[in-house]
Every structure is written in C-alpha cells, then in structure tokens.
Amino acid sequence: MRFQSLRVLLMFSIANPCIELVHTQSHTDVKTLHTDIFTNYKKEILPTADQSKPLVIGVTFFMASFNSFNEVEETISLTAAVGMNWTDPALEWNPILYGNLYGTIINPKDLWLPQLFLINRVDSMDPVGDDTMFFPTIIYTGEVIYSPGGILKAKCPTDISKFPFDSQTCTLQLMPWGFIQANLLLTSNFDKAQLDFFSQHSDWNLLEYSTSIVNESLGYSVLKVKLTFEREPLYFAVMIILPTLLFSLLNPLVFVLPVESGERVSLSMTILLSYAIFLTLVSASIPASSNPMCVLLIAMIAIISISGVIVIGSIISANYFYLNNSKNIGMVMKYFTKLWMRKKNKVVPIDVYKEPTIRGKDVTEMLDSLFFYGTYISIFLIISGYFLYVLL
C-alpha cells in the first residue's frame with residue numbers, strides 16, 4: 001500500500017468526525033490494545049512473517065525548507081523528513097474488539113523502527129531524526145507510518161563558473177546502513193520529493209526535486225534525492241555586473257579628453273584605483289573557488305588589466321604630444337603614424353605624394369585612436385564572451 005493511501009486511510013478512519021461508529025474508542029480500549037499486541041512483541045526482530053524474504057519499506061521524501069548553500073565548503077543545508085511505511089504482521093488487530101479503533105500512535109521506544117543514514121553527510125554519521133523523538137502511527141492492518149526528519153547538511157559538488165546565473169545540483173543519498181537488500185528493500189512511493197510543507201528561499205529557486213531507488217553493487221538499497229537550485233541573480237547583477245560595465249565603458253573615454261587639459265593621467269589613475277577598490281569590496285560576494293573559477297571574476301580581472309593598459313597609454317600619448325622635433329619620435333612610431341595618416345587622408349596620388357613631416361601631436365592622435373578603439377573592442381569581446389558563456 002502506498003504512503004499516500006495510508007495517510008488518507010488514517011485520516012478517514014480516525015480524524016473524520018462525520019463517521020458514526022458503533023463504539024467510541026475509550027482509554028481502556030487503547031490500553032487493552034497496547035497490552036495485547038506488545039505482550040509478546042520483540043522489537044529486536046525484523047518485522048517480517050517470512051524471515052527469508054526482505055522487509056519492503058516505502059519511502060517518501062518531504063522538503064520543508066532550503067536553508068543555505070556554501071560554495072566554498074561545497075555543502076548544502078536543508079530541513080526535510082523521510083516518510084516510511086511498512087507492514088508488521090505482529091501489529092494486526094480486529095478493530096471491532098477494541099471499540100472500532102482503527103489506528104493509534106505509540107512510543108517509538110516500543111517498536112522496531114528503521115534507521116536511514118545520509119551517507120554524504122558532512123557533520124556526523126547519525127540516523128535521520130536521531131536527535132528528536134518522532135512518534136509512529138500503526139493501523140489495524142499492521143501498517144506502520146513513521147516520518148523522522150531534521151536538518152540535513154550534505155556534501156554537494158559545486159560549479160560557480162556561471163555565477164551569478166548559475167544553478168547547482170545536489171544528490172542526497174539515504175540508505176539503511178547495515179541492512180543489505182536480502183534483509184531490507186526500499187521502494188519509492190513517489191518519483192518526486194513532496195513539497196506540501198516547503199518554504200521558498202529568497203535567493204534560490206527549486207527547479208528539480210526527483211527521487212529514485214538505486215540498488216548498489218554492494219547490496220544496499222539507496223534512496224537518491226536529486227535537487228537542482230537556481231540562484232536569483234538580480235542582486236549580484238545590480239551590485240557587481242552593472243558597476244563593472246560602467247567602469248569598463250567609462251575608462252577608454254580618457255583618450256577623448258584633450259591632452260592640454262593635463263587631466264588625462266590623473267583621470268585614468270582615478271578610474272583604475274576606483275575599480276580596484278570596487279573589486280576588493282565585491283570579492284567577498286563572489287564565491288572563492290578555483291575548480292572551476294568564476295568566469296565573472298576572470299572578466300573583472302581582464303577589465304582591470306585593460307584599465308592599467310589605458311594608464312600606460314595615456315602617459316605615452318601625453319609624452320609624444322609635447323615633442324616638436326621629429327628626430328625624437330623614433331622610426332617605428334613614424335612608420336605607424338604615416339600608415340595611419342595615409343589611411344585617414346585616403347586619396348593621395350602616389351606620384352605627387354610628398355613625405356609629410358611627423359609631429360608629436362600626430363603620433364598622439366594616432367595613439368589615442370589606437371588605444372580608444374582597441375580598448376573598447378577588447379572590453380566588448382570580454383563582456384560578450386562572458387554573457388555568451390553563461391547563457392549557453
């Protein structure tokens with residue numbers, strides 16, 4: 001019998017006030033029932049009529065809340081419960097003999113109960129719900145319903161390369177440690193975790209919550225719960241990505257500023273230092289992991305490197321601006337400046353073309369154009385590469 005049908009039967013037979021019973025269950029009926037069924041009951045023995053066959057336990061995973069996810073430690077914390085149901089032939093009774101008592105709640109110390117261990121747990125190797133007393137319910141057919149739970153902290157490999165547009169997949173592995181399949185066999189009541197009591201997390205969205213039973217080669221029956229969470233990127237997009245875009249687009253404008261103003265180097269240095277301070281502040285919000293490394297952090301480091309190139313370019317450009325003697329310019333700069341001037345003038349007959357005199361201002365103009373368009377193209381490629389990577 002499936003766990004859901006057992007729950008409906010229990011509610012129907014016990015909690016429904018509209019049912020008229022021949023007798024009302026009295027305290028004496030319950031005491032008599034407990035005395036009768038537990039007189040010769042041995043909780044140390046596996047509750048199967050045929051000890052040569054395994055005990056079949058139906059399991060249902062209930063998600064209550066998603067607590068936290070630590071990318072550095074690669075751990076996930078959530079509050080959950082595992083509903084289990086099985087048939088114990090020693091707990092059957094005739095409801096008519098006990099005032100139409102169809103079900104009762106008993107102390108877990110008086111009953112054989114299975115223990116599920118989260119084998120990829122990171123804090124301690126304790127059964128699920130071992131620190132709290134959960135009371136099982138038994139039905140007159142011998143069906144037992146037991147739902148231990150608690151805070152589960154499990155190991156979860158992470159991939160933050162697409163931060164903050166990333167999603168993380170964690171697999172919880174629960175098994176009855178010490179009971180091989182010949183003694184105890186798990187079956188899944190549902191193919192998904194139940195979200196009847198689930199509370200949504202503000203920073204993570206639950207995408208997948210499938211469950212399955214896997215019979216391992218070592219002989220154990222394992223319940224695997226696959227959880228996929230997607231991060232809410234709005235906060236990080238506003239606080240990290242947008243300022244990074246602003247700094248990257250503002251920086252190359254240094255080469256539009258006239259050299260005569262004398263503010264080029266100071267402006268480029270100010271932007272570089274501002275971005276360096278910004279990178280220091282936001283680094284605490286970016287997960288620190290090397291395998292794999294966050295692509296956003298790589299893009300930010302590339303942009304600050306371009307900012308350093310812009311500082312160097314503004315210094316070199318300002319240096320050439322005040323050179324009036326073409327002999328101090330250098331052959332290499334003269335050559336590239338001539339090519340740039342020819343491309344700028346475009347139509348010049350080769351037979352009447354006269355070698356122009358290269359001034360320092362010409363070199364500065366050529367360098368400004370080279371650094372301006374070169375840095376913007378580099379920044380565009382970095383930003384486009386990042387967004388293509390996270391969206392694909």
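When I speak of a contact today, I mean heavy atoms within 4.5 Å. With that in hand, and keeping in mind that what we are looking at is a predicted model, let me start with the chain as a whole: among contacts between residues at least 6 apart in sequence, 76% join residues at least 24 apart. The protein chain has 7 helices and 11 strands, and of its 392 residues, 42% count as buried.

Let me turn to strand β1, which runs over residues 55-70 and includes L55. Is L55 buried or exposed? Its relative accessibility is 3%, and since the cut-off for buried is under 20%, L55 counts as buried. If we leave aside its neighbours within four places in sequence, L55 is in contact with L46, P47 and T48, with W86, T87 and W112, and with N183, L184 and L185.

Helix α3 covers residues 234-250 and helix α4 covers residues 264-282, and the two pack at an angle of about 165 degrees with their axes 11 Å apart. Angles over 145 degrees count as roughly antiparallel, and α3 and α4 are therefore roughly antiparallel to each other. The crossing in which α3 passes α4 is left-handed. On the α3 side we find M239, I240, P243, T244, F247 and L250, and these meet I271, S274, Y275, F278 and V282 in α4. By class, that contact has 9 nonpolar and 2 polar residues, and no charged ones.

From α4 the contact is made by R264, V265, S268, M269, L272, Y275, A276, F278, L279 and V282, and from α5 by L297, M300, I303, I304, S307, G308, I310, V311, S314, I315 and S317. Divided by class, the residues of this contact are 15 nonpolar, 5 polar and 1 charged.

The remaining pair is α3 with α5, where the packing angle is about 20 degrees and the axes are 11 Å apart. Because angles under 35 degrees count as roughly parallel, that makes α3 roughly parallel to α5. Here too α3 passes α5 in a left-handed crossing. Which residues meet in this contact? From α3 they are I240, I241, T244 and S248, and from α5 they are L296, M300 and I303. They divide into 5 nonpolar and 2 polar, with no charged residues.

To close on the helices, α3 and α4 are roughly antiparallel, and α3 and α5 roughly parallel.

Definitions and conventions
Residues are numbered from 1 along each chain as its sequence is written. This is a predicted model: local features need pLDDT of at least 70, side-chain atom pairs count only at pLDDT 80 or more; totals for chains, interfaces and linings use all residues. Side-chain values use heavy atoms; hydrogens and water are left out. Helices (H or I, at least four residues) and strands (E, at least two) are DSSP runs, numbered from the N terminus. Buried means under 20% relative accessible area, exposed over 50%, partly exposed in between (1.4 Å probe, protein chains only). Axes are lines fitted to C-alpha atoms, for helices over the stretch in contact, and angles run from 0 to 180 degrees between N-to-C directions. Angles under 35 degrees count as roughly parallel, over 145 as roughly antiparallel, 65 to 115 as roughly perpendicular and the rest as oblique. A crossing is left-handed if the near helix is turned anticlockwise from the far one by less than a right angle, and right-handed if clockwise. Ala, Val, Leu, Ile, Met, Phe, Trp, Tyr, Cys and Pro count as nonpolar, Asp, Glu, Lys and Arg as charged, and the others, Gly among them, as polar.
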